[in-house]
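Morning, everyone. I have one structure to show you today.

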Amino acid sequence: MEFPKTFPIQHQERHPGNEYEMTPMPIYYNEKYIKKGDLLKDKVAIITGGDSGIGRAVSIAYSHQGAKIVIVYYDETRDAEETKGVIESSGGECTIVQGDVAKRDFCKEVMELAIKKYGKIDILVNNAAVQYECTDIKQITDEQFDKTMKTNVYGTFYMTREVMKYLKSGGCIINTTSVTAFRGNDTLMDYSMTKGAILTLTRSLSMALAKGKTGIRVNSVAPGPIWTPLIPSSFSVDKIPKFGNDTPMGRAGQPVECAGAYVFLASEAASYITGQTIHINGGEIVNS
């Protein structure tokens, strides 16, 4: 399958952005990458940021493997409804919930809704995030720093703490970290900080749960440059045409190329894997 190597100039004023406004649209499904199966049959998965980008691809992939999906999204209702429609058109079950994961009470409400509707929770994917480009740390406002930390870190923590009330042995948590957690990024300093925090939480919680013999696994996925709504809504227009060209593979990744890693980590095939990170970054070698 051919993937785009360049993108037309574009920008979105709203953040974290709308997938339906992107040109070209991110590739979130292809039958060669996401096949029908039963790896997650009868599982219930909560996916934050599941309306678009990587989250959309994961939501659809999980549904194709038999999971019931709860998509948590911020305010991108059209994207969320479209993702729900894709899942239901192929015979899957999907519930969408609008709200801010940075708010503790909302995260609690998400869990209670999932339990009320499906009776259990098996998988949590913490994927919601924001990022803001800035070349000078002195220009990062308190408001921007607070928003980035609360969405990316507080949201991940609150959702994780709440889901631990319901996960049983065999359950799992999968966090979306980033290549920036390993090598930094000079224009995404606060975002990179949050992804480092998520990586450390993944490792620390996985150790605690393993030692506690809970049977619950915690892993993460570290994408490199992936074509999602975050990109046109956060980067300057001059960076869009060659986005991802600096990777060894010479192009940006597509959400569909990430989905398989999330399916694997949620499945029984990964039963002996916890505290680990899968790198989907177009060939960049990361050794930490």
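This is a predicted model: local features need pLDDT of at least 70, side-chain atom pairs count only at pLDDT 80 or more; totals for chains, interfaces and linings use all residues.

Now the overall picture. The protein chain has eight helices and seven strands. Its radius of gyration is 18 Å, close to the 19 Å that the globule rule gives for 288 residues, so the chain is as compact as a globular protein of that length.

How much of the chain is buried? Buried residues make up 55% of the 288 residues.

Next, contacts along the sequence.

Now find helix α8, residues 256-266. Is it enclosed or open? Eight of its eleven residues are buried, so α8 is largely enclosed by the rest of the structure. The buried ones include Val256, Cys258, Ala259 and Ala261. Tyr262, Val263, Leu265 and Ala266 are buried too. What covers them? The cover includes helix α1, residues 53-64, and strands β4, β5, β6 and β7.

Stay with β4, residues 123-126, because we want Asn126, which is found in that strand, and which counts as buried at 4% relative accessibility. Which side chain does the side chain of Asn126 make a polar contact with? It is the side chain of Thr160, at 3.1 Å. Now look around Asn126. Leave out residues up to four places away in sequence. Asn126 then touches Thr48, Gly155, Thr156, Met159, Thr160, Ile173, Ile174, Asn175 and Thr176. Ile173 to Thr176 fall within β5, residues 172-176.

Met159 turns up again at our next stop, Val110. Val110 sits in helix α3, residues 104-118. At 1% relative accessibility, it counts as buried. With residues up to four places away set aside, Val110 touches Ile46, Val72, Val97 and Met159. Now pick out Leu40. It is 70 residues from Val110 along the chain, and their C-alpha atoms are separated by 21 Å.

Last, some backbone details. Go to the segment before β1, which is residues 44-48. Pro16 is in that segment, and the peptide bond from His15 to Pro16 is cis, with omega near 20°. Pro24 lies in the segment before β1 as well. A cis peptide bond joins Thr23 and Pro24, with omega about -10°.

Asp42 is also found there. Its phi is near 70°, a positive value in a residue other than glycine. At 42% relative accessibility, Asp42 counts as partly exposed.

Then jump to the loop between α6, residues 189-211, and β6. That is the place of Lys213. Lys213 has a positive phi of about 55°, although it is not a glycine. Is Lys213 buried or exposed? At 72% relative accessibility, it counts as exposed.

That is my tour. Over to you for questions.

Terms used:
Residues are numbered from 1 along each chain as its sequence is written. Side-chain values use heavy atoms; hydrogens and water are left out. Helices (H or I, at least four residues) and strands (E, at least two) are DSSP runs, numbered from the N terminus. Buried means under 20% relative accessible area, exposed over 50%, partly exposed in between (1.4 Å probe, protein chains only). A polar contact is a pair of N or O atoms within 3.5 Å; within protein, one must be able to donate a hydrogen and the other to accept it, and residues adjacent in sequence count only if both atoms are side-chain atoms. Contact means heavy atoms within 4.5 Å. The radius of gyration is taken over C-alpha atoms; the globule rule is 2.2 Å times the number of residues to the power 0.38.
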